[in-house]
Amino acid sequence: MLGLKLPTDPRWVNIVEKNLEEILTDHAFCEQKAASTAISFIVQFPEHTELVQEMTALVKEEISHFKMVHDKIVARGWVLGRDRKDEYVNKLMTFFPKGGSRTEFLVNRLLYAALIEARSCERFRLLSQELKEAELREFYRNLMVSEANHYTMFLGFARKYQDVDIVNKKWQDLLEFEGQIMKDLGKQETIHG
């Protein structure tokens, strides 16, 4: 369903389990960044009323996810660590050339957001199946469903704002590019990297 070209190696979960504090901190900041991304869509594209409404709901959802992850960190006696650069997102964001029309910019941003959500969904599915701790398995299973909904929402908006054939071609090219990026990642306790 997600169309990802290179699935995450299940052994990535072994890396995660060796440092749950690190993955939870990284995950918390991913949720915060997702909320910030939704806000940026509202600020940059206020003329798209349906998008603004969906992004407003998404901000609330993502910030509630941040709180849920932060609560897990605090319950374990840890504190939220510092944010770090997301190598995956930084590499991904180099795919589309800069410039172009306002519509092009919007669609490209929507496709980036869809792919980030798709990879998160795939990683959450893996965590929900492979983590030893039952509480965390259930936690990630519930979040996986949300991420799948986000991925399809972003992709749907991209297809609404630009010709479907053009968007589908861009999407397939972006998936191929992301598959190449993933060959060098999956060796750290981060949601995407």
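**Figure 1. Helix α5 of the predicted model, end to end.** Helix α5 has 29 residues, and its first and last C-alpha atoms lie 42 Å apart, close to the 42 Å expected at 1.5 Å a residue. The expected span is 1.5 Å times one less than the number of residues in the helix. Helices are DSSP runs of H or I with at least four residues, strands are runs of E with at least two, and both are numbered from the N terminus. Of the 29 residues of α5, 22 are buried, and the helix is mostly covered. Buried means under 20% relative accessible area, exposed over 50% and partly exposed in between, with a 1.4 Å probe and protein chains only. This is a predicted model, in which local features need pLDDT of at least 70 and side-chain atom pairs count only at pLDDT 80 or more, while totals for chains, interfaces and linings use all residues. Residues are numbered from 1 along each chain as its sequence is written, and side-chain values use heavy atoms, with hydrogens and water left out.

**Figure 2. Helix α7 and its cover.** Helix α7 runs over residues 164–182. Its 19 residues should span 27 Å at 1.5 Å a residue, and the end C-alpha atoms are 26 Å apart, which agrees. Buried residues of α7 include Val167, Lys170, Trp171, Leu174 and Leu175; Glu178, Gly179, Ile181 and Met182 are also buried. An α-helix has 3.6 residues a turn, so residues three or four places apart point the same way. The cover over the buried residues of α7 includes α4 (87–92), α5 (102–130) and α6 (134–161).

Figure 3. Leu92 belongs to helix α4 and is buried, with a relative accessible area of 0%. Apart from neighbours within four places in sequence, Leu92 is in contact (heavy atoms within 4.5 Å) with Tyr112, Leu115, Ile116, Leu174, Phe177, Glu178 and Ile181. Lys33 is 59 residues from Leu92 along the chain, and their C-alpha atoms are separated by 15 Å.

**Figure 4. The whole chain, for orientation.** The protein has seven helices and zero strands. Its C-alpha trace spans about 50 × 35 × 25 Å along the principal axes. Of the 193 residues, 48% are buried. Among contacts between residues at least 6 apart in sequence, 82% join residues at least 24 apart.
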